[in-house]
Amino acid sequence: MSKPARKALVTTPFTDKSTLRANARRDIDKGAVTHTYSADRKTVIAKLNEALATEWVCVLRYYRHYFSASGMLADSVKAEFLEHAQQELAHANQIAERIVQLGGEPDLDPATLAARSHAEYKPGKDLRDMVKEDLVAERIAIDSYRELIDYVGDKDTTTKRMLEGILAQEEEHADEFADLLAGWIGD
Ligand SMILES: [Fe+2]
Ligand SMILES: [Fe+2]
């Protein structure tokens, strides 16, 4: 009689149902954050809070530029400032929401906002200077978002996906202002 074939050991990358159920019941107060969350949550929250401060400083700077822009080109550029202010606010809100999902607290303390922001609040001397300062701020945001995306990697894909969406919009903002400056006529 031939020997019965040895049964191959079945390995699976998936957790069985009863373990999944038991894990889900542990630390239920942590909400969306489960034990498989493998990023450094505290660092991610801290970096998101820096991004939140940056977005708010950008909201305020864009509104400042929107309300004080004047001159020949002002009308079309004002529309850009306003649109960007609203989009930066939407970014800020997305980030604040994610901080809460991760079990953190969004820091919106106005007393420390400017110091915690990567970008600066620059009122600008004239319309062209405003656009230049906004381009600089967008470029700062692009670099810091790219760095954070690399840091988060595939350990927190929800945060990564959110940041990638924001980064794409900051790149659009920067591109619009770069085009505007390149074609600038007059002072
Ligand atoms: Fe933004
Ligand atoms: Fe932007």
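## Packing of α2 against α5

In this predicted model, α2 passes α5 in a left-handed crossing. The axes of α2 and α5 come within 11 Å and cross at roughly 165°, and because angles over 145 degrees count as roughly antiparallel, α2 is described as roughly antiparallel to α5.

On the α2 side, the contact is made by Val44, Lys47, Ala51, Thr54, Cys58, Arg61 and His65, while α5 contributes Met130, Asp134, Ala137, Ala141, Ser144, Leu148 and Val152.

## The largest nonpolar core

The largest nonpolar core has 32 residues, and those with the most contacts inside it are Leu48, Leu52, Ala69, Phe81, Ile95 and Ile99. Two or more residues of this core are given by each of α2 (41-68), α3 (74-101), α5 (127-152) and α6 (157-182), and the largest share, 11 residues, comes from α2.

Ala69, one of the core residues with the most contacts, touches Ala74, Val77, Lys78, Phe81, Leu127 and Met130, when residues up to four places away in sequence are not counted.

Asp27 is found in the loop between α1 (17-25) and α2, and its phi is near 50°, a positive value in a residue other than glycine. Most residues other than glycine have a negative phi. Asp27 counts as exposed because it has 11 C-beta neighbours inside 10 Å, where the cut-off for an exposed residue is 12 or fewer.

Methods
Residues numbered from 1 in each chain as written. Chains lettered and ligands numbered in written order. Predicted model: local features only at pLDDT ≥ 70, side-chain atom pairs only at ≥ 80, totals over all residues. Core = buried A, V, L, I, M, F, W, Y, C linked by C-beta atoms within 7 Å. Buried ≥ 20, exposed ≤ 12 C-beta atoms within 10 Å, placed from the backbone. Helix = DSSP H or I, 4+ residues; strand = E, 2+ residues; numbered from the N terminus. Contact = placed C-beta atoms within 7 Å. Axes fitted to C-alpha atoms, helices over the stretch in contact; angles between N-to-C directions. Parallel < 35°, antiparallel > 145°, perpendicular 65-115°, else oblique. Left-handed = near helix turned anticlockwise from the far one by under 90°.
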